[in-house]
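Me: I would like to go through a structure feature by feature. Please give the general idea before each case.

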Amino acid sequence: MMFPRIIAILCALSATFATHAQQYPVRPVRVLIGYAAGSSTDIVGRVMADRLGAHWKQTVIVENRGGAAGNVAADAAAKSQGDGYTLLFAQNGLAISAAAVPNLPYSAERDLVPLAPVAATPHILIVGPDFPAKNVQELVARAKASPGKLSFASSGVGNSDHLCGELFNMMAGIQAIHVPYKGGAPAVQDVIPGRVDYYFAGMPVGLPLATSGRARALGVTSKQRYPAAPDVPTIAEQGLPGYDATLWQGFFAPASIDPALGARIARDVEAVLKQPETRANLAKVGVALFEDNQVNFTKFFHADIEKWKNLVKSTHLKLE
């Protein structure tokens with residue numbers, strides 16, 4: 001007689017979880033972002049938080065927890081209750097850290113669940129308006145003339161912009177000093193006046209600066225020219241054929257979340273991305289959409305971790 005009771009209990013629990021998923025959210029939702037306010041991931045995350053709040057008719061609060069290449073926020077999210085009221089909005093740095101940073105206090109593969117991608121956008125290589133180099137060739141020549149003298153910024157050790165810089169330096173055969181910050185916004189504050197020489201900024205940060213003249217764009221990191229910046233040549237077409245690096249961003253939840261609720265949130269993100277207002281708001285900040293379902297995003301995330309493992313291994317790059 002015990003077996004039917006177990007079945008009844010499991011059915012009741014399943015019905016409870018399904019009801020919870022249907023009613024969600026009944027109180028404010030918190031979105032953790034591991035970068036400073038004004039960074040590329042923060043800008044995109046806030047657009048999505050605003051649009052999800054309108055979709056859910058519920059408050060969505062963005063909480064910036066910068067530091068350790070986004071791992072402070074990722075660790076907090078991983079250790080949060082899996083009730084759907086704490087989400088993580090992350091980027092490439094999450095996969096890079098999982099691939100290359102030892103002794104993290106959490107496991108991205110074990111403790112977090114990918115929900116939905118949002119954007120996949122190239123970086124834009126910027127320098128201050130008074131920097132002497134006018135293109136990538138001139139930047140490389142300047143670096144080769146003074147090995148170890150030039151510096152490049154990043155939003156933190158192991159983030160996508162850091163790896164863009166390391167890949168650039170390796171392919172160009174130059175040496176430059178890496179200067180990590182806690183986000184894109186503080187990084188550009190030193191790049192614009194020339195205290196740091198160059199930065200592979202996220203489009204939401206770098207493109208408005210280049211458009212306004214506060215910075216100069218030397219190239220984009222995609223294979224082809226980026227539609228939002230058609231006059232900016234690619235890094236590849238300026239003497240580094242094969243150079244290609246993209247910044248992706250998306251939502252994650254604690255692994256303890258009920259699968260039905262996680263799937264519901266993923267579908268809501270997908271629905272919001274299809275809304276004209278969301279697409280327009282993201283286009284304003286130069287973002288290219290990355291639309292896919294939860295299953296494919298999960299496969300993509302694990303494949304990205306393997307990609308970075310291979311790159312770090314082949315270049316002997318230390319990210320500690």
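This is a predicted model: local features need pLDDT of at least 70, side-chain atom pairs count only at pLDDT 80 or more; totals for chains, interfaces and linings use all residues.

Me: How many salt bridges does a search of the whole structure find?

Reply: Side chains of opposite charge can pair when their charged atoms come close. The criterion is a side-chain nitrogen of Lys or Arg within 4 Å of a carboxyl oxygen of Asp or Glu. The search finds 13 salt bridges. Among them, Arg27 and Asp83 meet at 3.1 Å, N to O. This pair links distant parts of the chain, 56 residues apart: Arg27 is in the loop between helix H1 (2–23) and strand S1 (29–33), and Asp83 in the loop between helix H3 (71–78) and strand S3 (86–91). Helices (H or I, at least four residues) and strands (E, at least two) are DSSP runs, numbered from the N terminus.

Me: Is Asp83 buried or exposed?

Reply: Buried means under 20% relative accessible area, exposed over 50%, and partly exposed in between (1.4 Å probe, protein chains only). Asp83 is buried because its relative accessible area is 17%, whereas Arg27, at 39%, counts as partly exposed.

Me: Where is Ile257, and with which residues is it in contact?

Reply: Contact means heavy atoms within 4.5 Å. Ile257 lies in the loop between strand S9 and helix H10 (259–273). Neighbours within four places in sequence aside, Ile257 touches Gly82, Gly84, Gly262 and Ile265. Ile257 is buried, at 6% relative accessible area.

Me: In which sense do S4 and S8 pair?

Reply: Two strands pair if DSSP finds at least two bridges between them. Strand S4 (residues 112–127) and S8 pair in the antiparallel sense over four bridges. Gly219 in S8 is the bridge partner of Leu125. Four of the five residues of S8 (residues 216–220) are buried.

Me: Which residues lie nearest the centre of the largest pocket?

Reply: A pocket is an open set of points on a 1 Å grid over the protein atoms alone, where a 1.4 Å probe fits, with protein on both sides within 12 Å along at least five of seven lines; lining residues have an atom within 4 Å of a point. Of the 15 lining residues, Asp244, Ala245, Thr246, Lys307 and Trp308 lie nearest the centre. Helix H12 gives the largest share of the lining, five residues.

Methods
Residues are numbered from 1 along each chain as its sequence is written. Side-chain values use heavy atoms; hydrogens and water are left out.
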